[in-house]
Amino acid sequence: PALLRSLAVPASFFGCAALLGLGIGLGGMTDPRKLNAFMNLNNLATGHWDPAILIVFATALGVTTATYPLTVKLMKKPLLAEEFDIPKKTEIDARLVAGAAAFGVGWAITGLCPGPALVAAVSGDPKTLTFVAFMTLAMGVAKRITAPHDPAKAAKHANASSLALLSATALAAVGAIVAAAMGSPDSSALAGPAPPLDPVVWHAAAGGAMIGGAVAGMLALTGEILGISGMVSGVYSPNQGAQYKTNRGLFVAGMLAAGGILSRVFPATIQNFYVAPLPVFMVGGALVGAGTVVGCGCTSGHGLAGNGRLSKRSMVATAVFFGTNVLVSSVLFKVVGMGAGWIAALVGK
């Protein structure tokens with residue numbers, strides 16, 4: 001029935017996002033130290049290297065790779081839509097590489113990408129709030145600049161698009177003001193030893209399975225690719241209508257709801273113990289926001305959904321943003337010591 005479907009589709013966006021967010025938190029991706037512990041190859045020599053992120057990603061990718069052909073070939077069409085909406089782009093161009101590289105740099109210097117940042121924003125940490133504020137603003141601006149221009153659609157949805165961009169600007173301003181008022185997150189802000197990294201391997205595997213399940217569920221239910229940056233930036237698309245943007249707004253709400261649950265059950269998972277000054281999170285958020293829009297995806301859209309369907313375009317993007325992260329994390333550690341603060345905080349130095 002049409003009424004049931006009209007309710008079920010928005011509920012699917014919210015539910016898949018909540019499952020995704022819980023998986024991100026359980027897997028440890030909301031702790032920026034986990035990302036730096038894996039990507040910074042210098043940690044292999046210091047004993048602080050942590051493979052948890054690799055376990056999360058490999059498990060999630062295994063689920064998406066196994067379920068994609070079964071979903072598309074056996075189901076024929078999604079449960080709540082008339083057809084699967086699979087990206088048709090195949091070009092491997094400068095825009096893809098540049099966007100992925102920019103994302104990789106922002107991801108490296110902050111330890112955050114769109115999904116983990118949204119989930120962890122519930123903690124109210126000034127570093128995370130700053131990152132999210134500048135990320136969403138950059139997404140809004142980049143979306144308006146890079147979206148294919150359709151005069152008819154743009155005119156029809158002009159008010160909604162302007163309101164979305166204005167909201168992004170206001171969020172960035174408010175986020176920066178609140179973060180500054182809460183104090184500068186440098187090493188002195190961490191009094192005493194920080195909690196250790198979660199050592200439980202099954203948390204990473206279970207989190208990865210939940211993430212993969214959310215990606216697979218979104219495809220089976222709505223026919224859409226679950227790409228977190230695409231969902232968030234889609235709110236600012238000048239060519240889309242109210243229902244499209246409402247669904248993506250509910251997706252963001254589902255991510256925040258997951259953060260709320262984690263704050264009650266595993267509160268330490270959404271705290272930001274990464275040591276870096278506030279401007280780093282401003283720059284990192286802007287790079288991640290703009291980079292994921294220009295490169296058309298992040299770790300979920302390209303890394304899981306794209307690689308899961310064996311897209312060469314997504315394979316290249318994933319190699320670029322992972323490679324950039326490893327390079328930047330490892331070099332900055334050696335040159336300026338970035339990424340060392342959280343290690344010192346572990347022992348209270």
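Reader: Which residues lie nearest the centre of the second largest pocket?

Author: This is a predicted model, and in it the second largest pocket holds about 230 Å³ of space. Its lining is made up of 15 residues, with helix 1 (2-26) and helix 2 (32-39) as the elements that give two or more of them. By class, this lining has six nonpolar, five polar and four charged residues. Those nearest the centre of the pocket are D31, P196, D198, A268 and T269.

Reader: Which helix supplies the largest share of the lining of the largest pocket?

Author: The largest pocket has a volume of about 1200 Å³ and is lined by 34 residues, with P87, K143, G230, Y244 and C296 nearest its centre. Several helices each supply at least two residues of this lining, among them helix 7 (126-146), helix 12 (242-265) and helix 15 (312-336). The largest share, four residues, comes from helix 11.

Reader: Which elements each supply at least two residues of the lining of the second largest cavity?

Author: About 90 Å³ of space lies in the second largest cavity, and its lining includes T64, Y68, V215, L226 and A305. This lining has seven nonpolar, three polar and two charged residues. The elements that each give at least two of its residues are helix 4, helix 10 and helix 14.

Reader: Which residues have the most contacts inside the largest nonpolar core?

Author: In soluble globular proteins, nonpolar side chains tend to be buried together. Here the largest nonpolar core has 73 residues. L226, which also lines the second largest cavity, touches residues including C16, L20, V215, M218 and F251, leaving aside those up to four places away in sequence. The residues with the most contacts inside this core are L20, L226, I228, F251 and M255.

Methods. Residues are numbered from 1 along each chain as its sequence is written. This is a predicted model: local features need pLDDT of at least 70, side-chain atom pairs count only at pLDDT 80 or more; totals for chains, interfaces and linings use all residues. Side-chain values use heavy atoms; hydrogens and water are left out. A nonpolar core is a set of buried Ala, Val, Leu, Ile, Met, Phe, Trp, Tyr and Cys residues joined through side-chain atoms within 4.5 Å. Buried means under 20% relative accessible area, exposed over 50%, partly exposed in between (1.4 Å probe, protein chains only). Contact means heavy atoms within 4.5 Å. On a 1 Å grid over the protein atoms alone, a cavity is a set of points where a 1.4 Å probe fits but cannot get out, and a pocket is an open set with protein on both sides within 12 Å along at least five of seven lines; lining residues have an atom within 4 Å of a point. Grid points are joined across faces, edges and corners, and a volume is the space filled by probe spheres set on the points. Ala, Val, Leu, Ile, Met, Phe, Trp, Tyr, Cys and Pro count as nonpolar, Asp, Glu, Lys and Arg as charged, and the others, Gly among them, as polar.
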